[in-house]
Amino acid sequence: MRASGRRLKILAATSEIFPLIKTGGLADVAGALPGALAELGADVRTLVPGYPAVMAALGRRRAVARIGELIGGPATLWQGKAAALDLLVLDAPHLFDRPGNPYLGTNGRDWPDNAERFAALARVAADIGQGLVPGYHPDVIHAHDWQAALVPAILHYRERGGPPVVLTIHNLAFQGCFRPETLSRIGLPERAFHVDGVEFYGEVGFLKAGILFSHRITTVSPTYAAEICTPDGGMGLDGLLRARADDLVGILNGIDVTVWDPSNDPVIAAAFDAERIGARSPNKADLQTALGLGPDPQTPLFGVISRLTSQKGLDLLLAALPRLLAQNGQLALLGTGEPALEAGFEEAAARHPGRIACRIGYDEALSHRIQAGVDSLLVPSRFEPCGLTQLCALRYGAVPVVARVGGLADTVIDANPVALGKGVATGVQFPPGSRPMMENALVRTATLFRDRVAWSNLQRNGMTSDVSWRKSGKDYLDLFRSLL
Ligand code: ADP
């Protein structure tokens, strides 16, 4: 049978997957892409570590492989389903049976054996590619981020063939670099420690190895794909990425439009859609009440849902808060991350009760209520591979105000005079990394907000733009097919 005429079998390897375990956008993508690809003609089975949350979510399961020794202990590979996802769960208690965050211990530091943990994940993905699971022979392995990036290197050094590997880079800032002694512990041969191998500035570089050995490399937006090939955006890997430019492509992320559906979202106060934007307003009142903000429909209410890190540019927002307040604005912030930023926003909220509300923590339900309730969502990132919150914002009628960088540049159409004249604008963009530029954007947004017609056009344009996986799912499928 011709490859194009049958359903493709894709083995995805990822360290997190929504709704089972999530620290960021990687989980959303790993959780949503299988559904999009299923509709288009590919079956994704996803290999994930057996963290406690994953083991607990796994329903009926079947052991498909037993591994006597996997970097320090035995492991079982379970096949099963959870949340409609077809999973292969790597149950290796010595590596993954730990509480909390997938990468960090309770002291907030990386687990000291992260190299071993994710090398094990990659090793088992490579094993599956080479026939570990009876009757299952994936056509392509789709490895996500540094945690799975060793797959093509392992296959390369085994010299026993295996399916082609596509590596997707969700964030080049996380590279998985470890001390050279790691090499023997994770079972790679000594000759791999070479500039044309896994060696990266004197360390073992997981992502570097993935970039070098994968058949294709994708990242999550076209602009980010170009940015990472420059010295400014390449984080030390731009030379290698330029060398692989012919095999590198940017494919925009989508969002799961059934999870993010304002006409059918169980946690928001009032359902609405592009034809009923007026029905959105109870959500603003609900949010203001819930967060102790003044219940004023006329004040522009800005929102943030983010990791609080310097990548996300929230120090700029902290500095720009006086300008936001001078526009009669309010702020609803949900996030967790760097202690200085957490403290900064908490202090600001204490100084401006009723105007600034800050919730430190991770809260899926509140993130939906913020998207439904705020007038405008702020994403002032210094760099942003794709960004998902602005896509959710578009869908929920929260006009995104974003730095013109990475996927933010690709997904929001700035309300400049030309775009406004043509009726295509969906948000506001400003140059990244600059407080004055951000302040200008806040003023511009508040001015637009006071023009009810212009504002509802922005909302409607955003709500009717396609933020689903439809197009990008097809781009992934075409890429996978091109490798057969
Ligand atoms: P990144 O992956 O860099 O953190 P993205 O915008 O790609 O950024 O994805 C972040 C995802 O995590 C989005 O789905 C966003 O809604 C969610 N998120 C971030 N912080 C929080 C939080 N504190 N509570 C709930 N959801 C959050």
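# A tour from the ligand outward

Start with the shell around the ligand: it divides into four nonpolar, eight polar and five charged residues. The model is predicted, and local features need pLDDT of at least 70, side-chain atom pairs count only at pLDDT 80 or more, and totals for chains, interfaces and linings use all residues. Residues are numbered from 1 along each chain as its sequence is written, and side-chain values use heavy atoms, with hydrogens and water left out.

## Stop 1: the ligand

Select the ligand and the 17 residues around it; Gly25, Asp28, Arg307, Lys312 and Gly361 come nearest. A residue is near a molecule if one of its heavy atoms lies within 4 Å of it.

- Lys22: a polar side-chain atom is 2.9 Å from a ligand oxygen atom.
- Asp28: the distance from a polar side-chain atom to a ligand oxygen atom is 2.8 Å.
- Arg307: a polar side-chain atom lies 2.7 Å from an oxygen atom of the ligand.

On its own the ligand has 560 Å² of accessible area, and the protein covers 93% of this. Accessible areas come from the Shrake-Rupley method with a 1.4 Å probe; for residues, only the protein chains shown count as cover.

Now colour by secondary structure. Which elements give two or more residues to the shell around the ligand? They are α1 (25-40), β13 (301-308) and β14 (330-337). The largest share, three residues, comes from β13. Helices (H or I, at least four residues) and strands (E, at least two) are DSSP runs, numbered from the N terminus.

## Stop 2: aromatic pairs

The whole structure holds 14 aromatic pairs. Rings of Phe, Tyr and Trp (its six-membered ring) pair if their centres lie within 6.5 Å; planes under 30 degrees apart count as stacked, over 60 as edge-to-face and the rest as tilted.

Select Tyr103 and Phe118. This pair is tilted, with 5.9 Å centre to centre and 50° between the planes. Tyr103 is in the loop between α3 (93-96) and α4 (114-129), and Phe118 is in helix α4, 15 residues apart. Tyr103 counts as buried at 12% relative accessibility, and Phe118 is buried at 0%. Here buried means under 20% relative accessible area, exposed over 50%, and partly exposed in between (1.4 Å probe, protein chains only).

Then select Phe272 and Tyr396, an edge-to-face pair at 6.2 Å centre to centre and 85° between the planes. The pair links distant parts of the chain, 124 residues apart: Phe272 is in the loop between β12 (248-250) and α11 (281-291), and Tyr396 in the loop between α15 (389-395) and β17 (399-403). Phe272 is buried at 0% relative accessibility, and Tyr396 is buried with a relative accessible area of 0%.

To see a cluster linked by ring pairs, select Tyr51, Phe96, Tyr103, Phe118, Trp146, Phe178 and Phe206.

## Stop 3: Trp78

Centre on Trp78. Arg61 lies over the face of Trp78, at 5.1 Å from the ring centre. Arg66 also lies over the face of Trp78, at 5.7 Å from the ring centre. A charge sits over a ring if NZ of Lys or CZ of Arg is within 6 Å of the ring centre and within 35 degrees of the ring normal.

## Stop 4: backbone exceptions

Most residues other than glycine have a negative phi, and most peptide bonds are trans.

Select Phe18 and Pro19: the peptide bond that joins them is cis, with omega about 5°. Pro19 is in the loop between β1 (8-13) and α1.

Move to Asp145, where phi is positive, near 60°. Asp145 is in helix α5 (residues 145-148). Is Asp145 buried or exposed? Asp145 is buried, with a relative accessible area of 7%.

Glu159 also has a positive phi, about 55°. Glu159 is found in the loop between α6 (151-158) and β7 (165-169), and is exposed at 59% relative accessible area.

## Stop 5: a last selection

Finish at Asp475 in helix α20 (residues 470-482). Asp475 is partly exposed, at 26% relative accessible area. C-alpha to C-alpha, Asp475 and Val249 are 10.0 Å apart in space, and 226 residues apart in sequence.

Definitions and conventions
A polar contact is a pair of N or O atoms within 3.5 Å; within protein, one must be able to donate a hydrogen and the other to accept it, and residues adjacent in sequence count only if both atoms are side-chain atoms. Ala, Val, Leu, Ile, Met, Phe, Trp, Tyr, Cys and Pro count as nonpolar, Asp, Glu, Lys and Arg as charged, and the others, Gly among them, as polar.
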